[in-house]
Amino acid sequence: MSESPVIELSHVGIRFGPTVVHRDISFKVTAGETVTVMGPSGTGKTLILKSIIGLLAPTSGEVMVLGQSLRDKPEYELRKLRMQVGMLFQGAALFDSLSIYENIAYGLRETGTEDEDFIAEKVRSLLEMINLPGIEQKFPPQLSGGQKKRVGLARALATSPRIMLLDEPTTGLDPTSKRLIDDLIVCMNEKFGMTTIAVTHDIESATRISERWILLHDGQVVADGPARELAAHNQEAIDFIRGNWKDE
Ligand SMILES: Nc1ncnc2c1ncn2[C@@H]1O[C@H](COP(=O)(O)OP(=O)(O)OP(=O)(O)O)[C@@H](O)[C@H]1O
Ligand SMILES: [Mg+2]
């Protein structure tokens with residue numbers, strides 16, 4: 001396994017005019033790791049993921065992905081890099097007017113795959129993996145929230161990315177749907193050996209899917225380490241778990 005990090009944030013600051021969201025965020029994620037980023041609502045978790053896929057340029061600091069700095073990268077190069085990154089957006093963000101088949105095929109078509117038999121087989125096997133076989137011709141509004149998130153995962157996986165970014169994969173779901181998605185995340189990480197960053201404020205999910213937690217608060221990393229250790233000994237983590245942090 002390569003020692004160089006797959007994702008590295010160095011002193012990242014994100015501001016919108018006078019509003020400072022992130023002051024100084026630094027962390028590294030190495031190949032094959034699954035990391036959970038946690039923090040209260042509005043703390044800037046989604047923005048961190050957006051900076052990693054180059055949808056948002058930080059105000060200061062640097063983001064490196066697969067050994068490349070994203071700073072001043074032209075859009076076509078960012079697009080090339082994004083092909084190696086799968087993202088499940090908050091709320092799944094499926095295209096309501098496209099069938100499930102086309103939603104999952106989307107990334108493949110974007111990256112130039114034209115072989116329809118290949119696409120059909122890929123969609124079929126992904127739907128099987130998320131335990132929703134045969135729903136190719138349905139549309140997103142016909143699915144439940146949990147089912148949409150599973151399809152969102154399948155869509156993110158379709159291009160076999162090396163990096164997976166998951167924004168609130170289980171938030172708002174019932175315990176059974178949550179467990180299903182957590183199990184899927186664990187299973188896909190084992191199966192594909194991806195490097196994964198999941199953002200959540202769901203402690204149960206975070207415990208199930210990752211062994212390392214990064215806690216954000218007030219624009220900084222306030223804890224970063226093995227989940228068990230943080231949950232047992234880190235006061236910031238203990239306060240967060242007990243719900244003693246207020247929203248930003
Ligand atoms: N384009 C933007 N312009 C101005 N402010 C923004 C912009 N995008 C995000 N923000 C602000 O940055 C802060 C962090 O947003 P972000 O969406 O990253 O939070 P989050 O931690 O993902 O929250 P949640 O858990 O509710 O999803 C919020 O206060 C938000 O209003
Ligand atoms: Mg968010």
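Analyst: What follows looks at helix 6 in detail and then turns to a helix pair and some backbone angles. The model is a predicted one, and the values below are computed from its atoms.

Helix 6 runs over residues 175–192, and at 1.5 Å a residue its 18 residues should span 26 Å, which agrees with the 25 Å that separate its end C-alpha atoms. Along this helix, the residues Lys 178, Ile 181, Asp 182, Leu 184, Ile 185 and Met 188 are buried. Because these residues cover an arc of only 155° around the axis, they lie on the same side of helix 6. The face turned away from that buried side carries exposed residues, namely Pro 175, Thr 176, Cys 187, Glu 190 and Lys 191. As for what covers the buried residues, the elements include helix 5 (145–157) and helix 7 (203–209), together with strand 7 (163–167) and strand 8 (195–199). Just after helix 6, the backbone passes through Gly 193, which takes a positive phi of about 60°.

Another is Asp 218, whose phi is positive and near 55°, and whose place is in the loop between strand 9 (212–217) and strand 10 (220–226). With 14 C-beta neighbours inside 10 Å, Asp 218 counts as partly exposed.

Turning to helix packing, the axes of helix 3 (residues 100–110) and helix 4 (residues 116–129) come within 10 Å and cross at roughly 120°, which makes helix 3 oblique to helix 4. The crossing of these two helices is right-handed. On the side of helix 3 the contact is made by Tyr 101, Ile 104, Ala 105 and Leu 108, and on the side of helix 4 by Ile 119, Lys 122, Val 123 and Leu 126.

How values were computed:
Residues numbered from 1 in each chain as written. Chains lettered and ligands numbered in written order. Predicted model: local features only at pLDDT ≥ 70, side-chain atom pairs only at ≥ 80, totals over all residues. Helix = DSSP H or I, 4+ residues; strand = E, 2+ residues; numbered from the N terminus. Expected span 1.5 Å × (residues − 1). Buried ≥ 20, exposed ≤ 12 C-beta atoms within 10 Å, placed from the backbone. Arc of directions from axis to C-beta. Contact = placed C-beta atoms within 7 Å. Axes fitted to C-alpha atoms, helices over the stretch in contact; angles between N-to-C directions. Parallel < 35°, antiparallel > 145°, perpendicular 65-115°, else oblique. Left-handed = near helix turned anticlockwise from the far one by under 90°.
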